[in-house]
Amino acid sequence: MNALAATSRNFRNAARILGLDAKIEKSLLIPFREIKVECTIPKDDGSLVSYVGFRVQHDNARGPMKGGIRYHPEVDPDEVNALAQLMTWKTAVADIPYGGAKGGIGCTPRELSKSELERLTRVFTQKIHDLIGTHTDVPAPDMGTNAQTMAWILDEYSKFHGHSPAVVTGKPIDLGGSLGREAATGRGVVFGTEALLAEYGKSVKDLTFVIQGFGNVGSWAARLIQERGGKVIAVSDITGAIKNPNGIDITELIKHKESTGSLLNFGGGDNMDPNELLVHECDVLIPSALGGVLNRENASSVKAKFIVEAANHPTDPEADEILSKKGVIILPDIYANAGGVTVSYFEWVQNIQGFMWDEEKVNNELQRYMTRAFHNIKNMCKTHECNLRMGAFTLGVNRVARATVLRGWEA
Ligand code: NAD
């Protein structure tokens, strides 16, 4: 099941549990606005090339729409639509005053030079500048885009509307980016894990962890787990997997990866079969790489007691059912990886205030938001006798539905 089908299914289940009126349900599903624009740029050799850019603005009942812009050859309107919808529920779960959006350009960024990427980003911004804005729709980086892309959007947008640092988040620090943003998603994953474990009288320091993916999210989560005394006993990335039952020294592993470009042949562990990683014995499994990695084929062999979904959509619905029958507790992606968008919100707040928070304040506020959201989810689970995924969906959907009704948009 793809991301769109899974999101719509979770939404419909949540709507049924909440007893949502059919009119509200329909209005929440249909995106507020779908934008499709032609972006033609001269390449460095003088030839012209055209790309299609998308922005789906899903819902703004709770505030400006928020979501990433990805540059990827397979960007398609259906997927952008699903991801925009997911952002609406995610921002509501985190209780930040935003709606949801997502966008992208169908291109292969590694085949474009830096100046071509800059021209493409500026043309895209020219085409959508009157539909995004600090209080309308606030883009951020996603696959294939980064802080530099946001700097170009900010610059191009400001030519039309005056200096507007809060029109995008995930900016370079020198242009109003927030301290703590780089680590925010991984840090949020760890705060969420701590809140979950506390419910079971456990803490990070007593447990073993397996992490799939050692990029931004996975490596920060690993670092912070080690800092808290937890044992990361296996890690993988695209280059392979390693294990050490006594705990991998994450600081040394980061150095090893920086110097060799690979996790393999690390002195402080043994290489292992990457297919074994997800079914390795551990207390907490943290998929932090790809979608759909837990599925019908491997779910019944998973030995972890807890799964924390740092990646988007790592567990497909069939695996979800198998795992829940086995009694595995899953902390869902819609909550577990919300630390990034939460610190994006802090960045926007700082830009609007014209004031910069120190990193300690960013991290403390992130912890407060993640812990509060976890308890809000648990309350929904108690009220509706459902698992954490449905607790999170009912929480997010209910907040958006309430805002919609209060605004009087339901007629
Ligand atoms: P990243 O590109 O920095 O890292 C991805 C990691 O996955 C890399 O280490 C890569 O080697 C590894 N990987 C790729 N294929 C693999 C495979 N077959 N087996 C094992 N590892 C593999 O990306 P990221 O920013 O860390 O994002 C990871 C996940 O978290 C994605 O699903 C992303 O959508 C989600 N996410 C990220 C953020 C964020 O702020 N970065 C926010 C929300 C959700």
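Predicted model: local features only at pLDDT ≥ 70, side-chain atom pairs only at ≥ 80, totals over all residues.

I started with a cluster: ring pairs link Tyr98, Tyr345, Phe346, Trp348, Trp357 and Tyr369. For a pair, I need two rings of Phe, Tyr or Trp (its six-membered ring) with centres within 6.5 Å; planes under 30 degrees apart are stacked, over 60 edge-to-face and the rest tilted.

Residues are numbered from 1 along each chain as its sequence is written, and side-chain values use heavy atoms, with hydrogens and water left out.

Next I searched the whole structure and got ten aromatic pairs. One of them is Tyr98 with Trp348: the centres are 5.1 Å apart and the planes at 65°, so I call it edge-to-face. Tyr98 is in the loop between helix 3 (77-94) and strand 4 (99-105), while Trp348 is in helix 12 (residues 339-353), so this pair ties together parts 250 residues apart in sequence. Helices (H or I, at least four residues) and strands (E, at least two) are DSSP runs, numbered from the N terminus.

Are Tyr98 and Trp348 buried or exposed? I found both buried, meaning under 20% relative accessible area, with exposed over 50% and partly exposed in between (1.4 Å probe, protein chains only).

Last, I checked for charges over rings (NZ of Lys or CZ of Arg within 6 Å of the ring centre and within 35 degrees of the ring normal). Lys361 has its charged end over the Trp357 ring, 4.7 Å from the centre. Arg372 lies over the face of Tyr369, 4.5 Å from the ring centre.
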